[in-house]
Structures are given as structure tokens and as C-alpha cells.
Amino acid sequence: MGHADPLLEVDARQNYWMPFSPNKEFKQEPRMFVRAEGVWLYKPNGDQVIDASSGLFCVAAGHCRPEIAKAVYEQLTTLDYSMPFTRAQPKAFELAQRITNFTPAGMNRVFFVGSGSESVDTAMKMALAFHRIRGQGHRQLFVSRERAYHGVNMGGVALSGMVNNRRSFGVGLPGVHFMRHTALPENKFVRGQPETGADLADDLARICTMVGGDNIAAVFVEPTAGSFGCLPPPKCYLEKLRAICDQHGILLVFDEVITGWGRMGAPFGAQAFGVTPDLLTMAKAITNGAQPMGAVAARQEIYDTITEAGPAQGIEFFHGYTYSAHPAACAAGLAMMDIFEREDLIGRAAAMSPYFLDAVYSLRDLPCVVDIRGVGMMAAVELSTAGKPPGARGHEAQKALFDANLNLKSTGDSLILAPPFIAEKHHIDQIVGTLRKVLAAY
Ligand SMILES: Cc1ncc(COP(=O)(O)O)c(C=O)c1O
């Protein structure tokens with residue numbers, strides 16, 4: 001489509017240090033996109049690739065929405081930047097208010113950050129500050145879960161339960177205790193929330209007994225673990241965590257960076273699973289991925305406690321980022337709120353979910369498929385390792401699928417599917433048809 005391939009020369013590939021990528025391999029055999037529209041990404045040669053993971057779970061409304069582009073352009077040519085400390089611009093207030101139309105009742109104070117990782121570290125600091133102000137500064141510990149992904153800043157790495165994300169950086173990470181993950185062997189191929197596994201929440205009670213529940217600041221969980229490969233919560237599991245947190249005065253934090261904004265078929269996992277946390281992190285689809293942005297929604301009591309206990313004049317919470325509430329990100333967010341409302345995008349995700357899950361679960365007869373997990377508009381197809389090192393087949397499959405014009409994210413040997421909510425049935429058919437064709441050769 002008139003785009004020169006920027007990687008024709010191997011030397012031109014060397015300066016960019018790619019994140020979470022096998023740099024050496026990629027620079028030998030790059031897999032690039034140069035354009036996007038709707039559910040489609042385009043390779044430099046013009047081939048159309050279906051985006052089965054909404055980028056990295058961001059592009060809920062489909063790529064290159066003109067309303068968002070226009071809003072960002074107008075913002076950048078009106079007020080490109082203004083400092084978010086001791087100054088503000090109107091769209092920050094407007095977006096915070098619009099976001100609270102979607103968050104659970106009472107979670108109505110919104111702190112803006114630049115990414116999901118920043119939202120997690122911000123929530124950790126809110127929890128510590130909240131307890132300290134109430135005379136409970138001894139609450140310094142956190143609880144998280146095996147197989148969790150909470151971003152890559154140091155707080156989030158400490159909370160993450162994926163070894164590769166920790167192994168090189170682990171020394172000196174703050175005190176975190178880990179509950180077991182919720183992927184039980186008897187729940188293979190279960191669709192939605194498994195019937196068994198709620199008792200895994202008793203791990204939290206055991207940790208409280210061991211370290212003292214009154215020393216724990218907060219419990220962090222993804223309502224459905226996303227990056228590891230879609231682990232929906234067993235029935236009654238989140239409810240049990242909520243009850244144990246309440247019993248010990250621990251804050252419950254839902255990391256909804258992936259599960260937020262409709263992915264679970266409701267505005268947030270909190271509503272989808274009927275459990276309200278104290279803090280809720282979000283990012284990605286707030287702006288449809290068009291501008292970097294994250295946020296933490298807090299229960300009003302947490303905001304009130306921190307601000308009221310602060311000095312009558314002066315800063316109450318010593319935290320924030322240069323790009324908190326960036327005007328262009330706020331403009332993109334507001335345009336996305338319009339799309340969510342006008343197109344009932346979340347209702348559309350909920351309505352498409354049964355068709356999507358039927359299609360994905362139809363792959364279970366493939367010999368290489370050892371598990372399928374799915375809920376809402378997210379699913380993971382797990383491949384057997386076939387005697388290879390863990391992750392090798394997932395990586396190979398993800399490349400073969402790109403070559404067959406399907407884009408998705410793999411983690412280990414799980415292929416993660418999370419199509420944009422504008423996807424029609426025939427798009428789902430194409431995604432699953434391509435998977436079947438490619439995986440049949442495995
Ligand atoms: C649950 C969760 N938390 C945090 C993050 C980190 O977000 P970011 O990559 O925007 O920093 C992610 C990213 O996928 C995530 O899935």
C-alpha cells in the first residue's frame with residue numbers, strides 16, 4: 001500500500017531494542033505491520049492480517065477510529081501539554097467523571113497514569129498510604145498469586161507470579177506472599193468460571209495466619225488472569241477473597257488492565273463476577289490503545305481518608321507522573337467513552353461472547369490442544385509441549401499464524417484470543433478457521 005519496507009537492510013534493524021521480544025531472532029526474520037483499520041493489520045507487502053488479540057488487548061473498538069484520531073489531533077493543536085501537578089486541563093475532570101459511569105458504585109475517584117504498570121504501582125502506594133494515615137503503617141506486605149501479571153515496574157514485578165519476569169530482577173523486591181494459581185487439572189476445557197477451586201482462596205487465610213492479616217496492606221488479583229493465558233476465577237473464589245480481606249482489614253485490588261472495558265462482557269470484571277474491590281486498575285482500552293494511558297479507580301473512602309488526613313494546604317499524596325492525565329490521552333479517552341456509549345460496545349461484546357466461545361471450544365478435537373479456557377471475549381488455546389521446552393511450540397505457532405495472516409499474543413504454550421468487539425461472526429469464523437488449519441499440522 002505504498003509503504004517502503006523499513007527493514008530491507010539488516011543493519012537498519014539493530015538500534016531498536018525490542019521489549020519482550022527475541023531480538024536476535026526478530027532481526028533475522030522481522031514480522032512487521034505498517035497500517036491498520038478495523039479488525040485488520042497490514043504487512044509491508046499489503047497482506048491483510050486479522051487482529052485476534054486487539055493488539056495487546058487494547059483495540060476494543062477496532063483500529064484507526066477516525067473519531068479518536070480527530071480528537072487527538074484537535075487536542076494537540078489546541079493544548080498539547082499542560083502540567084498535571086498543581087495545574088489541570090478540563091478534559092481530565094471530564095474523563096474521570098465519564099469513567100465513573102462504568103466503574104462499580106462507590107469507586108468514583110480516578111487517578112490517571114501512563115500505563116497499566118504505573119496503575120499497579122500507584123495502587124500499591126495508595127494502599128500503603130491509606131493504611132499509614134489510619135495508624136496502620138505496619139501493613140507493609142502484599143499478597144498476589146502465582147501466574148499473575150501485574151506489569152513491569154518494580155512494584156508490579158514483585159507482585160507478578162511469572163518466573164521469567166522476576167528471575168533477573170528479584171533481589172530486593174518488596175514482601176509479597178503468593179496464593180496458588182487457579183488452573184486445576186480437573187477444570188481443563190471448562191468454559192467460563194469453573195465449579196471447583198473456590199477453596200484456593202483459603203490460601204489467603206493461611207497467609208494471614210502465618211504473617212498476621214494485620215500486616216497485609218492489599219491483595220492484588222486479576223479477576224481473570226489474562227497475560228498468562230485466560231484463567232477465569234472459580235465460582236465463589238473472588239467472593240471468598242473479598243470476605244477474607246474484609247475480615248482482616250486488607251484492601252482488595254482488582255487489576256483490570258485486561259479484564260476492564262468490556263472484555264469480560266460487563267464494564268469491568270468486578271461487575272461480571274459480582275465482587276467489588278477497593279481499588280481497580282485499568283489501562284489499554286480506555287483510549288482504544290491510541291494513546292498511552294492508565295488509571296486507578298478508588299473507593300471514595302480511600303480518597304477521602306488520604307486527602308482529609310493530609311495538611312489543610314499542600315500536597316496530600318506525593319505521587320504522580322509527568323504524563324498523568326495527558327491532554328491527548330484524555331481526548332482519546334473521551335472519544336472512546338463516546339464510542340462505548342454510542343455503539344453499546346460492551347453490550348456487543350457480551351452478545352458476541354457465546355458465538356466466540358463456541359467457535360474457540362470447537363478446536364478441542366485437535367490433537368495438539370491440551371486445554372481451552374475462555375470467558376467473555378477472551379480465550380486461550382493451550383498446546384501440548386510435545387517434548388519441547390515450555391513455550392517453544394507456542395512461539396512457533398504464533399509465527400506460523402502470522403505467516404497465515406492471523407495476529408495473536410502467545411504466552412508459554414497458550415495462544416490468547418481477544419478480538420476487537422466490532423468483530424462480526426465471519427471474523428470469528430476466519431480466526432478459528434485459520435487456527436484450525438495451522439494447528440492441524442501440529
Ligand atoms: C493485568 C495487567 N496488569 C498490568 C499490565 C501492564 O500494563 P502495561 O503494559 O500498560 O504497563 C498488564 C499488561 O498486559 C496486565 O495485563
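Predicted model: local features only at pLDDT ≥ 70, side-chain atom pairs only at ≥ 80, totals over all residues.
Q: Which residues of helix 9 does helix 8 meet, and what is the handedness of the crossing?
A: From helix 8, the residues Leu204, Ala205 and Cys208 take part, and they meet Leu241, Ile244 and His248 in helix 9. By class, this contact of helix 8 with helix 9 holds 5 nonpolar and 1 polar residues, with no charged ones.

Q: What is the bridge partner of Phe254 in strand 9?
A: Strand 8 (residues 251-255) and strand 9 (residues 279-282) run parallel and are joined by 3 bridges. Within this pairing of strand 8 with strand 9, the bridge partner of Phe254 is Leu280.

Q: Which helix gives the most residues to the shell around the ligand?
A: The ligand is surrounded by 15 residues, of which the closest are Ser115, Gly116, Ser117, Gly151 and Val257. Sorted by class, the shell around the ligand has 6 nonpolar, 7 polar and 2 charged residues. With 3 residues, the helix that gives the most to this shell is helix 5 (residues 116-133).

Q: How is helix 5 oriented relative to helix 11, and which residues of helix 11 make the contact?
A: The axes of helix 5 and helix 11 (residues 300-309) come within 9 Å and cross at roughly 60°, which means that helix 5 is oblique to helix 11. The crossing in which helix 5 passes helix 11 is left-handed. Helix 5 contributes Met126, Ala129, Phe130 and Ile133 to the contact, while the residues of helix 11 are Ile302, Thr305, Ile306 and Ala309.

Q: How many residues of the contact of helix 5 with helix 11 are nonpolar?
A: On the side of helix 5 the contact includes Phe130, and on the side of helix 11 it includes Thr305. The contact of helix 5 with helix 11 has no charged residues and 1 polar residue, and the number of nonpolar residues is 7.

Q: Why is helix 3 described as roughly antiparallel to helix 12?
A: Helix 3 (residues 66-76) packs against helix 12 (residues 327-342) with the axes 8 Å apart. Because angles over 145 degrees count as roughly antiparallel, helix 3 is roughly antiparallel to helix 12, and the angle at which helix 3 and helix 12 pack is about 150°.

Q: How many residues of the contact of helix 3 with helix 12 are charged?
A: The right-handed crossing of helix 3 and helix 12 brings in Glu67, Ile68, Ala71, Val72, Gln75 and Leu76 from helix 3, which meet residues of helix 12 including Pro327, Met336 and Asp338. The contact of helix 3 with helix 12 divides into 12 nonpolar residues, 1 polar residue and, as the number of charged residues, 2.

Q: Which strand is the bridge partner of Arg373 in, and which residue is that partner?
A: An open sheet of 4 strands is antiparallel in its pairing and has the order 11-12-15-14. In this sheet, strand 11 and strand 12 (residues 378-383) pair over 6 bridges in the antiparallel sense. The partner of Arg373 lies in strand 12 and is Ala380.

Note on methods: Residues numbered from 1 in each chain as written. Axes fitted to C-alpha atoms, helices over the stretch in contact; angles between N-to-C directions. Helix = DSSP H or I, 4+ residues; strand = E, 2+ residues; numbered from the N terminus. Parallel < 35°, antiparallel > 145°, perpendicular 65-115°, else oblique. Left-handed = near helix turned anticlockwise from the far one by under 90°. Contact = placed C-beta atoms within 7 Å. Nonpolar A, V, L, I, M, F, W, Y, C, P; charged D, E, K, R; others polar. Near = placed C-beta within 6 Å. Pairing = 2+ DSSP bridges.
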